[in-house]
Amino acid sequence: MATELSTRKTILMIALDFPPCQSAGVQRTYKFAQYLQDFGWDVVVLTVKASVYQQTDAAAGCPDVLHIERCAALDAARDLSWRGKYLGFSCVPDRWWSWALSAIPAGKRLIKQYQPDLIWSTYPVSTAHYIGYRLQRFSGLPWIADYRDPLQCRYDASARRYSGIAKWIEQQTIRYCQKAVFTTENAARLYHRLYADEPFSKFAVIENGFDEANFQGLPAKAPRQEQRFILLHSGALYGQGRDPSELYHALALLQQQGLIDKDNFALHFRGFEGTAEQHALLQQLGISTLVHFLPGVPYLESLAEMGQADALLLIQGPLFNNQIPSKLYDYIRTGRPVLAVTPDKGSTYQTLQPLEHCHCASGVQAVAEALQQQIMAQQRAQQNPVDAVADSQGILPADQVPEAIAAYSRYERTRQLAQLLAEL
């Protein structure tokens, strides 16, 4: 749906995470930048040099946009540390605050050169919104602040130290932006409560999604020889908010009941090494042989691996009730069963509940029962040749994706963003 050149507009997008950065958060900005061009927008991106990122993935590609400006920046936790240690206040409001020193003058030059119609900046880096704030005050242009998730100190008491500057940036952002965009209704409602004097219409929701293009032509994988039931968690974990201990106890319970053992079941953590405390807990529960920690792989390879798993695992504790991890949408697109260890009051539960192949559970007994149901469903499919063919390992072809899943695509999310831009 190409738009005539004379009617096209230009958007300045400010984002720290951008290809070749290897991070789940990259995909939102990447795909917005790519697909907005189909909706009549030329895109100018203001980001950082590749050397800033801890991990890069050259194979992931980069959108062909009007211009990408890469500025110098430091990662304070890495570049200002001594023997691996750094002072907490050196990362205020975030580790990449130095980016503003080069990005603000660069942004002013870009505004003069490309004359954008609108500014868009994205969290979870407060500095990106500070740059957007400064450029909005400089230019007077309409500004959309893509918050994705709430500021961490708004839901996590442990993050409130040194949070004053981040809150000040948030206050200026909400005051001067025309729209603040979140990825869940829970997050939007939270911010409307925090800023009750602002009209509710200022707070919009555009969820994350999967990108269909990523699922076409995935890296070829050898036919799976594994006979065990593979439960796969793709990506990093951390104790607070995404603690797998509840799942470990559920596995121990199923092992005690004789339902699983090392010969018929394996839990794979891809891209997560496990903490010393977790390894000790696995030993204590007697399930070390069930759990395997595997090194990270490039993004597209991780998608191919998801298609070969028997079920996909998500852990989203009560701390993150206002949020949905972006990889959940990739999980949904694969068509594989999903087990989400998450409470029923969270946004993740609300998203998964309508999907028949997804199970949500909270509490050791409930998690054990949900996993048992998925294992038994796979066993029934293997016993029935017709069902076994229908449930063969692999990603659902594009022409077989149900409408209920297709609605979660990033292209449809970009259509929502384009409608929001048109309003401004």
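**Exercise 1. Find which residues Asp211 is in contact with, leaving aside its neighbours within four places in sequence.**

Solution. Contact means heavy atoms within 4.5 Å. Step one: skip the neighbours within four places in sequence; Asp211 is then in contact with Lys31, Tyr35 and Arg410. Asp211 sits in the loop between strand E7 (203-205) and strand E8 (229-234). Helices (H or I, at least four residues) and strands (E, at least two) are DSSP runs, numbered from the N terminus. Step three: check burial. Asp211 has 2% relative accessibility, so Asp211 counts as buried. Buried means under 20% relative accessible area, exposed over 50%, and partly exposed in between (1.4 Å probe, protein chains only).

A note on the model. This is a predicted model, where local features need pLDDT of at least 70, side-chain atom pairs count only at pLDDT 80 or more, and totals for chains, interfaces and linings use all residues. Residues are numbered from 1 along each chain as its sequence is written, and side-chain values use heavy atoms, with hydrogens and water left out.

**Exercise 2. Describe how H4 and H5 pack.**

Solution. Two packed helices are described by the angle between their axes and the distance between the axes. Step one: helix H4 (residues 126-139) and helix H5 (residues 164-176) pack at about 45°, with axes 9 Å apart. Step two: H4 is therefore oblique to H5. Angles under 35 degrees count as roughly parallel, over 145 as roughly antiparallel, 65 to 115 as roughly perpendicular and the rest as oblique. Step three: list the residues that meet. H4 brings Ser126, His129, Tyr130, Tyr133, Gln136 and Arg137; H5 brings Ala166, Trp168, Ile169, Gln172, Thr173 and Tyr176. Step four: sort the residues of this contact. Six are nonpolar, five polar and one charged. Ala, Val, Leu, Ile, Met, Phe, Trp, Tyr, Cys and Pro count as nonpolar, Asp, Glu, Lys and Arg as charged, and the others, Gly among them, as polar.

**Exercise 3. Describe how H7 and H8 pack.**

Solution. Step one: helix H7 (residues 245-256) and helix H8 (residues 276-285) pack at about 20°, with axes 10 Å apart. Step two: H7 is therefore roughly parallel to H8. Step three: Ser245, Tyr248, His249, Ala252 and Gln255 in H7 meet Gln278, Leu281, Leu282 and Leu285 in H8. Step four: by class, this contact has five nonpolar, four polar and no charged residues.

**Exercise 4. Summarise the whole protein.**

Solution. Step one: the protein has 15 helices and 13 strands. Step two: 51% of its 424 residues count as buried. Step three: the C-alpha atoms fill a box of roughly 65 × 50 × 40 Å, taken along the principal axes.

Notes: Axes are lines fitted to C-alpha atoms, for helices over the stretch in contact, and angles run from 0 to 180 degrees between N-to-C directions.
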